[in-house]
Amino acid sequence: MEIDGIQIKKVASVGAGVIGYSYALKFAMAGLDVWAQNRTEESSELARERVAASLESLVKNGVYTEEESAAIAGRIHYTTSIAEAVAGAQFIQESSAEHYEVKWGLVRAIEAAADPTATIASSTSGLLVTEIAKNAKHPERFCGGHPYNPPHLIPLVEITKGEMTSEKTLERAKAFYAAIGMEPVVLQKEALGFICNRLQMALYREVANLVLSGVCTIEDADKAVTFGPGIRWGIMGPSLVFELGGGKGGVSGLMNHLYDSISLWLADMADWKSFPPEFAQVAQEGVDAELAARAPEVGNDPESLAQYRDHMLIELLKLHKKL
């Protein structure tokens with residue numbers, strides 16, 4: 001794989017926990033040799049187990065044969081050494097704990113051993129790249145590469161830039177993620193929560209509002225999203241959905257036609273700046289009741305629900321030609 005004249009032969013996943021192991025698997029699925037780094041041998045063994053379980057699911061769902069699965073697993077090398085993981089790597093994905101102090105220490109360790117041309121991306125889900133890279137010798141080669149969990153299945157990656165991030169770094173990161181089958185989106189400026197976390201929290205705020213106001217249950221809110229807009233969002237984004245919904249007038253025609261009604265809805269919707277504390281328990285009780293009412297084949301406990309999610313994701317990704 002060649003990106004911007006650089007032959008990508010080795011990549012590194014620093015911090016191979018829940019996100020990092022999945023990124024390592026995604027890199028290996030793309031045919032790359034990847035070094036997955038963890039602080040302890042115990043953590044590395046857990047990463048191996050997670051890789052094995054994920055590959056087993058992919059085989060079960062007809063994505064890979066046993067032989068292909070074994071080849072993918074063989075491209076992942078485990079180490080407790082940051083230097084060993086990043087030395088000679090052309091792309092480095094950092095997925096450590098969400099604390100600036102932790103990130104700063106890793107930045108020092110990565111830069112001490114990494115090639116000067118390596119692109120370094122952080123999986124941070126909310127920290128600012130500018131702050132993460134503020135002590136770096138070469139902050140221009142740092143960017144954010146925030147995935148949607150699990151990244152070996154969900155293609156989205158949100159690329160964020162810091163004040164010193166170079167355009168070349170952004171271009172290389174975008175090209176790299178696209179080359180391994182992901183769908184990169186680039187934030188034009190730093191924003192807390194990035195794009196998708198903000199969108200899903202805006203929706204979930206209204207879910208909470210509807211439930212606490214007695215309009216619907218947690219289960220019916222989930223059904224409404226899944227079998228209403230959610231099933232369309234799995235095909236295309238909301239603006240494209242509205243483009244079709246507006247007929248000949250397109251999205252602009254729809255927005256203009258429904259302007260008065262939409263304004264009434266918005267005026268009646270929640271605009272809280274924090275969730276009511278009691279909603280956490282209300283949501284949990286609602287989810288427990290919802291799971292109890294589900295059939296085993298669609299997931300009625302956390303384990304079977306995750307298996308169902310992965311199966312449905314894989315089938316949808318096949319339709320999108322992503323697997």
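Leu 264 counts as exposed in this predicted model, because its relative accessibility of 64% is over the 50% that the term requires. The residue belongs to helix H13, which covers residues 259–268, and together with Trp 265, Leu 266 and Met 269 it makes a nonpolar surface patch of about 460 Å².

Side chains of opposite charge can pair when their charged atoms come close, and the structure holds ten salt bridges. One of them joins the side chains of Arg 141 and Glu 111, with 3.8 Å from N to O. Since Arg 141 sits in the loop between H6 and E8 while Glu 111 sits in helix H5 (residues 100–113), this pair ties together parts that are 30 residues apart in sequence. Both Arg 141 and Glu 111 are buried.

The loop that holds Arg 141 is also the place of Ala 136, between helix H6 (129–132) and strand E8 (142–147). Ala 136 is buried because its relative accessible area is 11%, which is under the 20% limit. Ala 136 and Ile 110, which are 26 residues apart in sequence, have C-alpha atoms 9.8 Å apart in space.

Lys 318 pairs with Glu 315, their closest N and O atoms being 3.3 Å apart, and both lie in helix H15 (residues 302–319), three residues apart, or about one turn of the helix. Lys 318 is partly exposed at a relative accessible area of 27%, and Glu 315 is likewise partly exposed at 31%. Asp 310 and Arg 309 also meet through their side chains, at 2.9 Å from N to O; here Asp 310 counts as buried at 15% relative accessibility, whereas Arg 309 is partly exposed at 38%.

What, finally, of the cysteines? A disulfide is a covalent bond between the sulfur atoms of two cysteines, and the structure holds zero disulfides. Cys 196 is in no disulfide, and the nearest cysteine sulfur, that of Cys 143, is 17 Å away. Cys 216, for its part, counts as partly exposed, with 22% relative accessibility.

Notes: Residues numbered from 1 in each chain as written. Predicted model: local features only at pLDDT ≥ 70, side-chain atom pairs only at ≥ 80, totals over all residues. Heavy atoms only, no water. Helix = DSSP H or I, 4+ residues; strand = E, 2+ residues; numbered from the N terminus. Buried < 20%, exposed > 50% of the residue type's maximum accessible area, 1.4 Å probe, protein only. Disulfide = S-S within 2.5 Å. Patch = residues over 30% accessible without salt bridge, like charges linked within 9 Å, V, L, I, M, F, W, Y side chains within 5 Å. Areas by Shrake-Rupley, 256 points an atom, 1.4 Å probe, with all protein chains shown as cover. Salt bridge = Lys/Arg side-chain N within 4 Å of Asp/Glu carboxyl O.
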